[in-house]
Amino acid sequence: MKFTNCYVLLLLCSATSAHAANLSGDINGGVFSWNNAYSQNGGIVPQGWMNAVPEAVAEWQPSVPSAPATLTLTQNGGSASVVVPVDVIGVQYNANGRGSDGTAFFAGSATQPNPNVWMKAGSGVSAQFFSKTVAFTNAQTPFTAFKPILDVGDIQTLFRGKPSGVYQGNIALTLPLVYKRTSVEQVTYRIKQFTLPVQITKRSVTCTIPTEQMNQTVILGISTAADIVSGSVYSTKVPLQLNCDSSVYSGTITFLGNDANIIGKAVVKAKNRHDIGVELTSIKNLTRIELNKVIDYTTLFPANTKNYDFSFNAKPVALQPIVAPGDYEAQVVINVMYN
(Lines give C-alpha, C1' and ligand atoms only; values in the text may rest on other atoms or scores of the structure.)
Protein backbone atom coordinates (compact mmCIF):
# COMPACT_ATOMS: atom_id res chain seq x y z
CA MET A 1 0.00 0.00 0.00
CA LYS A 2 1.50 3.32 -1.07
CA PHE A 3 0.63 6.62 0.48
CA THR A 4 1.00 10.33 -0.10
CA ASN A 5 0.69 13.05 2.49
CA CYS A 6 -0.62 16.41 1.28
CA TYR A 7 -0.28 19.35 3.62
CA VAL A 8 -2.98 21.93 2.99
CA LEU A 9 -2.31 25.10 4.98
CA LEU A 10 -5.47 27.15 5.29
CA LEU A 11 -4.27 30.65 6.12
CA LEU A 12 -7.15 32.99 6.88
CA CYS A 13 -6.32 36.64 7.35
CA SER A 14 -7.93 40.04 7.32
CA ALA A 15 -6.13 41.11 4.16
CA THR A 16 -7.05 39.53 0.75
CA SER A 17 -8.70 36.67 -0.57
CA ALA A 18 2.29 -19.71 -25.36
CA HIS A 19 1.58 -23.00 -26.97
CA ALA A 20 2.68 -25.55 -24.32
CA ALA A 21 0.51 -25.77 -21.25
CA ASN A 22 1.30 -23.12 -18.66
CA LEU A 23 -0.58 -20.59 -16.59
CA SER A 24 0.28 -16.90 -16.41
CA GLY A 25 -1.63 -13.98 -15.02
CA ASP A 26 -1.25 -10.30 -14.18
CA ILE A 27 -2.28 -8.24 -11.19
CA ASN A 28 -2.68 -4.62 -12.21
CA GLY A 29 -3.82 -2.23 -9.53
CA GLY A 30 -4.83 -5.20 -7.39
CA VAL A 31 -7.12 -6.60 -10.10
CA PHE A 32 -6.17 -10.09 -11.32
CA SER A 33 -6.68 -11.58 -14.77
CA TRP A 34 -5.39 -14.67 -16.56
CA ASN A 35 -3.44 -14.18 -19.78
CA ASN A 36 -3.73 -17.69 -21.17
CA ALA A 37 -6.54 -19.53 -19.42
CA TYR A 38 -10.30 -19.77 -19.71
CA SER A 39 -13.16 -20.84 -17.46
CA GLN A 40 -14.76 -24.26 -17.72
CA ASN A 41 -17.02 -26.20 -15.37
CA GLY A 42 -16.28 -23.91 -12.45
CA GLY A 43 -12.50 -23.95 -12.86
CA ILE A 44 -9.77 -22.49 -15.04
CA VAL A 45 -8.06 -24.32 -17.92
CA PRO A 46 -4.73 -23.47 -19.58
CA GLN A 47 -5.04 -22.67 -23.27
CA GLY A 48 -2.08 -24.90 -24.14
CA TRP A 49 -2.20 -28.69 -24.14
CA MET A 50 -0.03 -31.08 -22.13
CA ASN A 51 1.17 -33.68 -24.61
CA ALA A 52 0.67 -37.28 -23.52
CA VAL A 53 0.50 -40.05 -26.11
CA PRO A 54 -0.14 -43.45 -24.55
CA GLU A 55 0.17 -46.60 -26.63
CA ALA A 56 -2.66 -48.04 -28.69
CA VAL A 57 -5.18 -49.85 -26.47
CA ALA A 58 -8.47 -51.71 -26.73
CA GLU A 59 -10.08 -50.02 -23.72
CA TRP A 60 -9.31 -46.97 -21.60
CA GLN A 61 -10.79 -45.73 -18.36
CA PRO A 62 -10.65 -41.90 -18.23
CA SER A 63 -9.32 -40.37 -15.02
CA VAL A 64 -8.79 -36.91 -13.54
CA PRO A 65 -5.19 -35.94 -12.67
CA SER A 66 -4.20 -35.19 -9.08
CA ALA A 67 -1.79 -32.61 -7.60
CA PRO A 68 -0.45 -31.51 -4.21
CA ALA A 69 -2.96 -29.43 -2.26
CA THR A 70 -0.86 -26.25 -2.39
CA LEU A 71 1.50 -24.44 -4.73
CA THR A 72 4.17 -22.03 -3.51
CA LEU A 73 4.88 -19.14 -5.88
CA THR A 74 8.21 -17.46 -5.13
CA GLN A 75 9.16 -13.92 -6.10
CA ASN A 76 12.02 -13.75 -8.61
CA GLY A 77 14.97 -11.96 -7.03
CA GLY A 78 13.08 -11.42 -3.80
CA SER A 79 12.10 -13.15 -0.59
CA ALA A 80 8.31 -12.96 -0.88
CA SER A 81 6.17 -16.00 -1.57
CA VAL A 82 2.50 -16.82 -1.91
CA VAL A 83 0.90 -20.15 -1.08
CA VAL A 84 -1.90 -20.97 -3.50
CA PRO A 85 -4.44 -23.77 -2.92
CA VAL A 86 -4.66 -26.25 -5.79
CA ASP A 87 -7.52 -28.59 -6.55
CA VAL A 88 -7.72 -30.49 -9.84
CA ILE A 89 -11.46 -30.68 -10.34
CA GLY A 90 -11.53 -32.09 -13.85
CA VAL A 91 -9.74 -32.78 -17.10
CA GLN A 92 -10.23 -32.15 -20.80
CA TYR A 93 -8.78 -34.78 -23.16
CA ASN A 94 -7.87 -34.38 -26.79
CA ALA A 95 -9.36 -37.77 -27.58
CA ASN A 96 -9.04 -39.60 -30.89
CA GLY A 97 -12.45 -41.22 -30.87
CA ARG A 98 -15.50 -41.66 -28.68
CA GLY A 99 -15.63 -45.44 -28.79
CA SER A 100 -18.34 -47.28 -26.88
CA ASP A 101 -19.12 -47.64 -23.19
CA GLY A 102 -17.49 -50.53 -21.36
CA THR A 103 -17.42 -51.87 -17.82
CA ALA A 104 -15.09 -49.95 -15.51
CA PHE A 105 -11.84 -51.64 -14.49
CA PHE A 106 -11.68 -49.71 -11.21
CA ALA A 107 -14.56 -48.31 -9.16
CA GLY A 108 -15.12 -44.70 -10.10
CA SER A 109 -17.57 -41.84 -9.69
CA ALA A 110 -16.20 -39.13 -11.99
CA THR A 111 -18.80 -37.61 -14.31
CA GLN A 112 -18.73 -36.65 -17.99
CA PRO A 113 -20.60 -33.34 -18.41
CA ASN A 114 -19.27 -32.71 -21.93
CA PRO A 115 -17.62 -34.79 -24.66
CA ASN A 116 -13.93 -35.29 -23.82
CA VAL A 117 -14.39 -33.59 -20.41
CA TRP A 118 -14.46 -35.50 -17.12
CA MET A 119 -15.04 -34.02 -13.68
CA LYS A 120 -13.94 -35.36 -10.33
CA ALA A 121 -16.86 -36.35 -8.07
CA GLY A 122 -16.15 -36.16 -4.35
CA SER A 123 -12.88 -37.15 -2.69
CA GLY A 124 -10.64 -40.18 -2.69
CA VAL A 125 -9.08 -42.20 -5.50
CA SER A 126 -12.36 -43.52 -6.87
CA ALA A 127 -13.56 -39.94 -7.37
CA GLN A 128 -10.84 -39.49 -10.01
CA PHE A 129 -11.99 -42.37 -12.23
CA PHE A 130 -14.92 -42.42 -14.62
CA SER A 131 -17.51 -45.09 -13.92
CA LYS A 132 -17.12 -46.62 -17.42
CA THR A 133 -14.40 -47.39 -19.90
CA VAL A 134 -14.08 -46.26 -23.49
CA ALA A 135 -13.83 -49.37 -25.70
CA PHE A 136 -12.54 -49.26 -29.29
CA THR A 137 -13.34 -51.64 -32.16
CA ASN A 138 -9.69 -51.53 -33.18
CA ALA A 139 -6.84 -50.73 -30.79
CA GLN A 140 -5.88 -47.06 -30.90
CA THR A 141 -4.27 -44.30 -28.89
CA PRO A 142 -7.08 -43.05 -26.64
CA PHE A 143 -5.88 -39.43 -26.51
CA THR A 144 -2.92 -37.28 -27.53
CA ALA A 145 -3.00 -34.51 -24.92
CA PHE A 146 -4.93 -33.20 -21.93
CA LYS A 147 -5.68 -30.04 -19.98
CA PRO A 148 -6.36 -29.99 -16.23
CA ILE A 149 -9.35 -28.04 -14.93
CA LEU A 150 -8.12 -26.29 -11.79
CA ASP A 151 -9.44 -24.43 -8.80
CA VAL A 152 -6.63 -22.24 -7.46
CA GLY A 153 -8.56 -20.03 -5.06
CA ASP A 154 -8.77 -16.26 -5.03
CA ILE A 155 -5.44 -15.14 -6.51
CA GLN A 156 -6.38 -11.48 -6.17
CA THR A 157 -6.90 -11.78 -2.42
CA LEU A 158 -3.89 -14.06 -1.84
CA PHE A 159 -1.54 -11.47 -3.36
CA ARG A 160 -2.94 -8.57 -1.39
CA GLY A 161 -0.13 -6.76 0.43
CA LYS A 162 2.62 -8.66 -1.42
CA PRO A 163 5.39 -6.65 -3.12
CA SER A 164 5.42 -6.21 -6.88
CA GLY A 165 7.32 -8.68 -8.99
CA VAL A 166 7.17 -11.94 -10.91
CA TYR A 167 6.16 -14.99 -8.87
CA GLN A 168 6.80 -18.48 -10.25
CA GLY A 169 6.16 -22.08 -9.31
CA ASN A 170 5.15 -25.45 -10.77
CA ILE A 171 2.11 -27.62 -10.24
CA ALA A 172 3.14 -31.28 -10.18
CA LEU A 173 0.39 -33.27 -11.89
CA THR A 174 -0.04 -37.01 -11.62
CA LEU A 175 -2.14 -38.66 -14.34
CA PRO A 176 -3.25 -42.28 -13.83
CA LEU A 177 -3.49 -44.35 -17.02
CA VAL A 178 -5.76 -47.37 -16.73
CA TYR A 179 -6.22 -49.39 -19.92
CA LYS A 180 -6.28 -52.82 -21.58
CA ARG A 181 -4.06 -53.46 -24.59
CA THR A 182 -6.11 -56.25 -26.13
CA SER A 183 -9.43 -57.92 -25.43
CA VAL A 184 -7.73 -60.66 -23.39
CA GLU A 185 -4.92 -58.80 -21.63
CA GLN A 186 -5.15 -57.76 -18.02
CA VAL A 187 -5.60 -54.12 -17.05
CA THR A 188 -2.40 -52.08 -16.95
CA TYR A 189 -2.10 -49.22 -14.46
CA ARG A 190 0.55 -46.57 -14.99
CA ILE A 191 1.26 -43.15 -13.54
CA LYS A 192 2.57 -40.28 -15.62
CA GLN A 193 4.10 -37.16 -14.08
CA PHE A 194 3.65 -33.72 -15.62
CA THR A 195 4.72 -30.23 -14.63
CA LEU A 196 2.51 -27.18 -15.17
CA PRO A 197 4.49 -23.89 -14.85
CA VAL A 198 2.62 -21.03 -13.19
CA GLN A 199 3.67 -17.37 -13.29
CA ILE A 200 1.87 -14.45 -11.69
CA THR A 201 3.14 -10.92 -12.27
CA LYS A 202 2.08 -8.27 -9.80
CA ARG A 203 2.39 -4.76 -11.17
CA SER A 204 2.09 -1.77 -8.88
CA VAL A 205 -0.16 1.12 -9.65
CA THR A 206 1.79 4.35 -10.03
CA CYS A 207 -0.06 7.46 -8.91
CA THR A 208 0.97 11.09 -8.64
CA ILE A 209 -0.48 14.27 -7.16
CA PRO A 210 0.45 17.52 -8.92
CA THR A 211 3.43 19.11 -7.18
CA GLU A 212 1.61 22.40 -6.70
CA GLN A 213 -1.11 20.58 -4.75
CA MET A 214 1.20 18.84 -2.30
CA ASN A 215 1.60 21.92 -0.09
CA GLN A 216 -1.00 24.61 -0.59
CA THR A 217 -1.74 27.93 1.03
CA VAL A 218 -5.32 29.11 0.69
CA ILE A 219 -6.09 32.76 1.36
CA LEU A 220 -9.59 33.65 2.52
CA GLY A 221 -10.48 37.31 2.87
CA ILE A 222 -12.04 38.26 6.21
CA SER A 223 -12.53 41.79 7.44
CA THR A 224 -15.18 41.57 10.14
CA ALA A 225 -16.84 39.01 12.34
CA ALA A 226 -19.97 39.39 10.26
CA ASP A 227 -18.08 38.23 7.18
CA ILE A 228 -17.12 35.02 8.93
CA VAL A 229 -20.72 34.09 9.56
CA SER A 230 -22.09 35.44 6.29
CA GLY A 231 -21.33 32.34 4.33
CA SER A 232 -20.55 31.07 0.88
CA VAL A 233 -18.94 34.11 -0.66
CA TYR A 234 -15.72 33.19 1.10
CA SER A 235 -15.78 29.53 0.12
CA THR A 236 -12.58 28.59 -1.71
CA LYS A 237 -11.93 25.51 -3.82
CA VAL A 238 -8.88 23.49 -2.81
CA PRO A 239 -7.75 21.36 -5.77
CA LEU A 240 -6.52 17.85 -5.03
CA GLN A 241 -6.20 15.13 -7.67
CA LEU A 242 -4.67 11.66 -7.67
CA ASN A 243 -3.68 10.58 -11.19
CA CYS A 244 -2.91 6.88 -11.70
CA ASP A 245 -1.75 4.76 -14.64
CA SER A 246 -4.29 2.10 -13.72
CA SER A 247 -7.41 1.86 -11.63
CA VAL A 248 -6.83 1.54 -7.90
CA TYR A 249 -7.93 -1.73 -6.31
CA SER A 250 -7.97 -0.44 -2.77
CA GLY A 251 -7.41 3.07 -1.51
CA THR A 252 -8.23 5.39 1.36
CA ILE A 253 -8.14 9.11 2.06
CA THR A 254 -7.96 10.66 5.53
CA PHE A 255 -8.38 14.34 6.39
CA LEU A 256 -6.34 14.88 9.55
CA GLY A 257 -6.97 18.04 11.56
CA ASN A 258 -7.96 19.53 14.89
CA ASP A 259 -11.63 18.56 14.89
CA ALA A 260 -14.11 21.13 16.23
CA ASN A 261 -16.55 18.24 16.90
CA ILE A 262 -19.57 19.77 15.21
CA ILE A 263 -22.06 17.03 14.39
CA GLY A 264 -22.52 16.49 10.68
CA LYS A 265 -19.71 18.82 9.63
CA ALA A 266 -15.96 18.58 9.08
CA VAL A 267 -14.65 21.73 10.79
CA VAL A 268 -10.99 22.26 11.59
CA LYS A 269 -10.24 24.57 14.51
CA ALA A 270 -7.97 27.50 13.84
CA LYS A 271 -4.55 27.29 15.44
CA ASN A 272 -4.45 28.76 18.97
CA ARG A 273 -8.06 29.96 18.69
CA HIS A 274 -11.38 28.54 19.82
CA ASP A 275 -13.78 30.95 18.15
CA ILE A 276 -13.24 30.19 14.48
CA GLY A 277 -12.57 27.29 12.18
CA VAL A 278 -12.60 26.08 8.61
CA GLU A 279 -15.34 23.85 7.25
CA LEU A 280 -14.38 21.33 4.55
CA THR A 281 -17.09 20.29 2.12
CA SER A 282 -16.86 17.90 -0.82
CA ILE A 283 -17.35 19.06 -4.38
CA LYS A 284 -17.66 16.09 -6.68
CA ASN A 285 -17.11 12.32 -6.42
CA LEU A 286 -15.83 12.36 -2.88
CA THR A 287 -19.32 12.49 -1.46
CA ARG A 288 -18.33 13.07 2.14
CA ILE A 289 -15.51 14.48 4.23
CA GLU A 290 -14.98 13.41 7.81
CA LEU A 291 -12.05 14.50 9.92
CA ASN A 292 -9.62 11.91 11.28
CA LYS A 293 -11.58 9.02 9.74
CA VAL A 294 -10.37 6.65 7.06
CA ILE A 295 -12.56 6.90 3.96
CA ASP A 296 -12.49 4.14 1.34
CA TYR A 297 -12.68 6.27 -1.78
CA THR A 298 -12.73 3.30 -4.18
CA THR A 299 -16.38 2.78 -3.23
CA LEU A 300 -17.24 6.40 -4.00
CA PHE A 301 -15.89 6.57 -7.55
CA PRO A 302 -17.06 4.71 -10.68
CA ALA A 303 -15.31 1.43 -11.52
CA ASN A 304 -12.06 1.66 -13.54
CA THR A 305 -11.42 5.24 -12.43
CA LYS A 306 -7.80 6.34 -12.97
CA ASN A 307 -8.01 10.04 -12.08
CA TYR A 308 -9.46 10.71 -8.66
CA ASP A 309 -10.66 14.24 -7.96
CA PHE A 310 -10.62 14.90 -4.20
CA SER A 311 -10.99 18.67 -4.54
CA PHE A 312 -12.97 20.28 -1.74
CA ASN A 313 -14.25 23.65 -0.57
CA ALA A 314 -12.86 25.43 2.48
CA LYS A 315 -15.03 28.04 4.22
CA PRO A 316 -14.51 30.01 7.43
CA VAL A 317 -17.12 29.39 10.11
CA ALA A 318 -17.77 30.84 13.57
CA LEU A 319 -17.47 28.45 16.49
CA GLN A 320 -18.73 31.01 19.01
CA PRO A 321 -21.37 33.78 18.81
CA ILE A 322 -18.73 36.49 18.99
CA VAL A 323 -15.62 36.22 16.88
CA ALA A 324 -12.75 38.68 16.93
CA PRO A 325 -11.42 39.60 13.48
CA GLY A 326 -7.74 38.93 12.91
CA ASP A 327 -5.19 36.62 11.43
CA TYR A 328 -5.43 32.94 12.10
CA GLU A 329 -4.60 29.66 10.44
CA ALA A 330 -5.74 26.07 10.29
CA GLN A 331 -3.88 23.07 8.89
CA VAL A 332 -5.20 19.87 7.34
CA VAL A 333 -2.95 16.89 6.50
CA ILE A 334 -4.48 14.75 3.79
CA ASN A 335 -3.26 11.15 3.72
CA VAL A 336 -3.99 9.38 0.41
CA MET A 337 -3.22 5.67 0.16
CA TYR A 338 -3.56 3.34 -2.82
CA ASN A 339 -2.74 -0.18 -3.96
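Me: Strands are DSSP runs of E with at least two residues, just as helices are runs of H or I with at least four, and both are numbered from the N terminus. Between which strands does N304 lie?

Reply: N304 lies in the loop that separates β25 (295-296) from β26 (307-309). This is a predicted model, in which local features need pLDDT of at least 70 and side-chain atom pairs count only at pLDDT 80 or more, while totals for chains, interfaces and linings use all residues. Residues are numbered from 1 along each chain as its sequence is written, and side-chain values use heavy atoms, with hydrogens and water left out.

Me: Why is N304 called exposed?

Reply: Buried means under 20% relative accessible area, exposed over 50%, and partly exposed in between (1.4 Å probe, protein chains only). N304 has 65% relative accessibility, so the residue counts as exposed. Its phi is near 65°, a positive value in a residue other than glycine.

Me: What makes N41 partly exposed?

Reply: N41 is at 33% relative accessibility and therefore counts as partly exposed. The residue is found in the loop between β4 (37-40) and β5 (43-46), and although it is not a glycine, its phi is positive, at about 50°. Most residues other than glycine have a negative phi.

Me: How do you know that T254 is buried, and what does it touch?

Reply: T254, which is found in strand β22 (residues 251-256), has 10% relative accessibility and so counts as buried. Contact means heavy atoms within 4.5 Å; not counting residues up to four places away in sequence, T254 touches N292, K293, V294, V333, I334 and N335.

Me: What makes a group of residues a nonpolar core, and which members of the largest one touch the most others?

Reply: A nonpolar core is a set of buried Ala, Val, Leu, Ile, Met, Phe, Trp, Tyr and Cys residues joined through side-chain atoms within 4.5 Å. The largest has 40 residues, of which F146 and L150 touch the most other members. Strand β16 (residues 165-180) gives the largest share of this core, 6 residues. Apart from it lies another core, of 30 residues, which includes V205, L242, I253 and I334.

Me: Why are β23 and β24 said to pair?

Reply: Two strands pair if DSSP finds at least two bridges between them, and β23 and β24 (residues 276-282) have 4 bridges, in the antiparallel sense. Among the positions facing each other, K269 stands opposite G277 in β24. The two strands form a hairpin with 6 residues between them, and N272 in the turn has a positive phi of about 65°.

Me: What makes β20 and β23 edge strands?

Reply: Each pairs on one side only, with β20 covering 236-238 and β23 covering 266-269. The open sheet of 4 strands runs in the order β20-β27-β24-β23, with antiparallel pairing.
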